[in-house]
Amino acid sequence: MTASHPRHRRALVVPAGMALATALAFLPNTAATAAPAHQGAASADAASLSYVVNVQGGHGAPAHVKKAIATAGGTIVTSYEKIGVIVVHSSNADFAQTIRTVPGVQSAGATRNAPLPSAVTTDLGSPKVLSAAEVAEAAEEAAADQDPLQNLQWDLPAIKADKAHETSLGSSEVTVAVIDTGVDDTHPDIAPNFDRAASVNCVAGKPDTSEGAWRPGAAESPHGTHVAGEIAAAKNGVGMTGVAPGVKVSGIKVSNPDGYFYTEAVVCGFMWAAEHGVDVTNNSYYTDPWYFNCTDDPDQKALVEAVSRATRYAERKGAVNVAAAGNENYDLAADEITDPVSPNDGTPSDRVIDPAECLDIPTQLPGVVTVASTGAKGLKSSFSNYGRGVIDIAAPGGDSTAYQTPAPPATSGLILGTLPGGRWGYMAGTSMASPHVAGVAALIKSQHPYAPPALVKALLYAQADATACTKPYDIDNDGKADAVCEGPKNRNGFYGWGMADALDAVTR
């Protein structure tokens with residue numbers, strides 16, 4: 001299969017009848033037009049591509065490296081001196097190959113296959129938006145101590161967040177950065193908790209701090225806004241309630257208008273978070289254009305190195321990095337996986353990869369908290385990736401209501417979140433599971449303000465509710481196993497250390 005792939009493949013709308021993740025309707029589901037390989041395109045059109053150049057030692061670029069970049073036809077866009085990553089544009093088809101031979105360069109590679117700007121895409125999906133009548137009906141049924149839409153949020157009691165809020169809503173001194181498609185900070189559920197100083201647009205690979213640059217455009221994905229609301233929608237008598245409704249949330253926009261999350265933007269996002277006091281980052285995407293980046297390929301190796309340096313730096317500066325595991329029902333601990341969608345901005349092919357050697361970044365990078373998704377019945381979501389030793393923790397990300405129906409008064413098995421323009425709606429995916437864990441991590445940080453990231457993660461795992469493997473796992477009840485879980489109750493391939501626990505986060 002050579003179908004195109006959505007950029008933030010962590011969120012989807014789940015139809016009532018399909019079990020396989022490849023058949024799920026992703027949100028948005030974007031189809032990239034085919035494009036030539038990057039060398040051919042650059043040669044024919046003299047169009048620029050973007051590159052990362054990683055300097056040996058992980059520090060500032062020596063003068064001779066910068067001179068060599070210019071000699072090879074490159075223009076430096078920005079240089080992250082503290083991690084030794086340089087973002088370069090060049091129309092020279094041989095730029096990467098040439099610069100790799102320069103002393104002091106550890107690796108270099110193109111971050112994309114399509115010339116700048118990237119390939120055209122078409123959105124095929126949309127959130128399930130709550131109507132005014134649905135909002136009014138939910139508000140009538142809400143208890144006195146609940147926000148109007150909280151009755152629809154089955155995910156909060158699933159991690160005991162409703163009970164946690166009786167003790168603490170989280171500290172306004174803690175900020176969670178949503179590295180994503182942008183955040184609409186004018187939303188009434190987000191505005192009270194929005195941290196403008198920690199928000200930025202990183203799409204070009206360098207920070208754009210102009211007012212509102214972190215917001216999604218009218219035609220861009222609502223994904224980041226939904227995620228932000230799940231984390232920190234204010235408990236203010238309006239709409240819904242976030243997992244940590246007392247903490248701050250910032251928007252770091254790294255997805256371009258076509259929905260691509262390119263390496264230079266992701267590196268910029270982590271570096272910005274690191275330098276602006278962010279305590280937790282949420283990453284509900286994979287870094288385009290490769291679903292898995294194989295280190296035996298010189299371009300992909302450079303992308304892994306650049307993002308790895310950025311995530312490590314962010315953690316050294318105090319940030320806990322949380323990421324979604326993905327929506328393809330892949331066993332990330334398997335010996336091999338067929339990746340039919342890479343590169344998603346070029347001509348994909350069915351390539352067989354070893355997920356231990358070819359990494360989904362930032363999800364599989366060392367130190368990153370990898371989150372699997374569960375549905376309203378507490379089972380692994382039909383689409384969620386899994387894998388013993390890969391999944392660290394689980395949290396609600398939703399599932400088809402037909403597979404996992406929530407208890408009343410909730411009506412949808414998907415996850416409620418904020419949408420641009422002051423709306424609310426449902427989405428599902430490991431994209432929605434990751435922000436639940438980011439919210440719990442923020443609650444832990446609120447209780448232990450001086451805890452370094454290693455301790456926050458240790459508490460996150462220790463406090464998780466151990467969840468045994470689901471055996472057999474036949475989510476669509478067709479008599480065939482849809483995935484195989486391996487490992488003991490307290491550390492297995494479906495749920496990692498278990499279900500995130502917000503109540504323990506504020507009481508232990």
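Visitor: Which residue forms a salt bridge with Arg491?

Guide: In this predicted model, Arg491 pairs with Asp392, and the closest N and O atoms are 3.4 Å apart. In general, a salt bridge is read from a side-chain nitrogen of Lys or Arg within 4 Å of a carboxyl oxygen of Asp or Glu.

Visitor: Where do Arg491 and Asp392 lie in the chain?

Guide: Arg491 belongs to the loop between α11 and α12, and Asp392 to the loop between β17 and β18, so this pair ties together parts that are 99 residues apart in sequence.

Visitor: Is Asp392 buried or exposed?

Guide: The general idea is to compare the relative accessible area with a cut-off: under 20% means buried, and over 50% means exposed. Asp392 has 11% relative accessibility and therefore counts as buried. Arg491, with a relative accessible area of 25%, is partly exposed.

Visitor: How many salt bridges are there by this rule?

Guide: The count comes to 16 salt bridges. One of them joins the side chains of Arg196 and Asp185, at 3.2 Å from N to O. Both Arg196 and Asp185 are in the loop between β8 (175–180) and β9 (200–201), 11 residues apart. Arg196 is partly exposed because its relative accessibility is 43%, whereas Asp185, at 4%, counts as buried.

Visitor: Which residues are linked with Asp185 and Arg196 in a network of salt bridges?

Guide: The network also takes in Glu211 and Arg215.

Visitor: Which residue forms a salt bridge with Asp339?

Guide: The partner of Asp339 is Arg351, with the closest N and O atoms 3.1 Å apart. Here the pair links two strands: Asp339 is in β14 (residues 337–339) and Arg351 is in β15 (residues 351–353), 12 residues apart. Both Asp339 and Arg351 are buried.

Visitor: Which residues of helix α11 are buried?

Guide: Within α11 (residues 453–463), the buried residues are Pro453, Val456, Lys457, Leu460, Tyr461 and Gln463. The next step is to ask what such residues pack against. For the buried residues of α11, the partners include the helices α9 (298–316), α10 (430–447) and α12 (502–507). They also include the strands β13 (320–324), β17 (369–374) and β18 (393–396).

Visitor: Which residues gather in a patch of negative charge on the surface?

Guide: The general idea is to look for like charges that lie within 9 Å and have no salt bridge. In this structure, Glu134, Glu137, Glu140 and Glu141 form such a negative patch on the surface. Glu134 is part of helix α4 (residues 132–141), and its relative accessible area of 38% makes Glu134 partly exposed.

Terms used. Residues numbered from 1 in each chain as written. Predicted model: local features only at pLDDT ≥ 70, side-chain atom pairs only at ≥ 80, totals over all residues. Heavy atoms only, no water. Buried < 20%, exposed > 50% of the residue type's maximum accessible area, 1.4 Å probe, protein only. Helix = DSSP H or I, 4+ residues; strand = E, 2+ residues; numbered from the N terminus. Contact = heavy atoms within 4.5 Å. Patch = residues over 30% accessible without salt bridge, like charges linked within 9 Å, V, L, I, M, F, W, Y side chains within 5 Å. Areas by Shrake-Rupley, 256 points an atom, 1.4 Å probe, with all protein chains shown as cover. Lys, Arg positive; Asp, Glu negative; His and termini not counted. Charge placed at Lys NZ, Arg CZ, Asp CG, Glu CD.
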